[in-house]
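Work through the following exercises with the model open beside you, and try each task before reading its solution.

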Amino acid sequence: MIIVLLGTFPTAFKRPLIEIEKLCKKGLITEEVIVQSGHTQFDSEYLKMRPFISPDELTELYKQARVVITQAGTGSLIKGMKLNKKIIAIPRLAKYGEVVDDHQEEILHEFTKQNYILPWTEDIALAEVLSKIDDFKPSPYVSTKQNIIDHLEGYINSL
C-alpha cells in the first residue's frame, strides 16, 4: 500500500495526485493508494481519498505502507522517518499558490542530503523516483532536539 499525505495547509495541492493518477491508469502503480487529502478536492477512480485521518489511524497506515509519498512538511516527514519508512517527498510551491513561501524546498534539500528521503521535484518524474524506491535505504532518523535543549539550558545557566 502507498499512503499519500498532502498536509493540512488550507490550499489545494493537486500536482502529486495528477501524476499518481496517471501512473495508476498506466498500470505502473497497482497497489492500493490511500490519500489524506486535507483541503484538496480530487475525484479519482484509483485513489482512496480521505480528507483527514485521526492520528492513531494515520500511524497505523504509516506502519502498513510500503511507501509514503508526502508533501515536504516536517510533521509528515518526521513521522515517517521515525518509523524508518521509505519516503518520497514533493514540496508545495508558492508559485502555484500551494503555500505562502518555498520553505518546503529547503526542508526537502536538507532531508535529502541526510538520506532520509527521496526527493520528487518538477524536473524528476514520479516514475523515475519510484524506480529507485526498492533499493533506497533511508538513514535512521536522529533527532537533534536534545542538542537544542542542552544549548538553551547552557545559555540560560550562564546568565
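Helices (H or I, at least four residues) and strands (E, at least two) are taken here as DSSP runs, numbered from the N terminus. The model is a predicted one, in which local features need pLDDT of at least 70 and side-chain atom pairs count only at pLDDT 80 or more, while totals for chains, interfaces and linings use all residues. Residues are numbered from 1 along each chain as its sequence is written, and side-chain values use heavy atoms, with hydrogens and water left out.

**Exercise 1. The overall fold**

Task: State how many helices and strands the protein chain has, give their order from the N terminus, and describe the dimensions of the protein chain.

Solution. Begin with the elements: the protein chain holds six helices and six strands, and read from the N terminus they follow the order β-α-β-β-α-β-α-β-α-β-α-α. Next take the radius of gyration, computed over C-alpha atoms and compared with a globule rule of 2.2 Å times the number of residues to the power 0.38. The protein chain has a radius of gyration of 17 Å, close to the 15 Å that the rule gives for 159 residues, so it is as compact as a globular protein of that length. Along the principal axes, the C-alpha atoms fill a box of roughly 60 × 35 × 35 Å.

**Exercise 2. Burial, contacts and charge**

Task: Describe the burial, the sequence range of the contacts, the accessible surface and the placement of charges in the protein chain.

Solution. For burial, a residue is buried under 20% relative accessible area, exposed over 50%, and partly exposed in between (1.4 Å probe, protein chains only); by this scale, buried residues make up 41% of the 159 residues. For contacts (heavy atoms within 4.5 Å), consider those between residues at least 6 apart in sequence, of which 58% join residues at least 24 apart. The accessible surface, from the Shrake-Rupley method with a 1.4 Å probe, comes to about 9000 Å², and 53% of this surface belongs to carbon and sulfur atoms. Finally, with Lys and Arg counted as positive, Asp and Glu as negative, and His and the chain ends not counted, and with each charge placed at NZ of Lys, CZ of Arg, CG of Asp or CD of Glu, the mean positions of the 19 positive and 22 negative charges are 3 Å apart.

**Exercise 3. The surroundings of Ser76**

Task: Locate Ser76 among the elements, decide whether Ser76 is buried or exposed, and list what Ser76 touches.

Solution. Ser76 belongs to helix H3, which covers residues 74-82, and its relative accessible area of 14% makes it buried. Leaving out residues up to four places away in sequence, Ser76 touches Leu5, Tyr62, Thr70 and Gln71. With Gln71 there is also a polar contact between the two side chains, at 3.3 Å; such a contact is a pair of N or O atoms within 3.5 Å, where within protein one must be able to donate a hydrogen and the other to accept it, and residues adjacent in sequence count only if both atoms are side-chain atoms.

**Exercise 4. Two asparagines with positive phi**

Task: Give the phi values of Asn84 and Asn115, and place each residue in the chain.

Solution. As background, most residues other than glycine have a negative phi. Asn84, however, has a positive phi near 55 degrees; this residue sits in the loop between H3 and strand E5 (87-90) and is partly exposed at 48% relative accessibility. Asn115 likewise has a positive phi, of about 60 degrees, and its loop runs between helix H4 (103-113) and strand E6 (118-119), where Asn115 is partly exposed with a relative accessible area of 30%.
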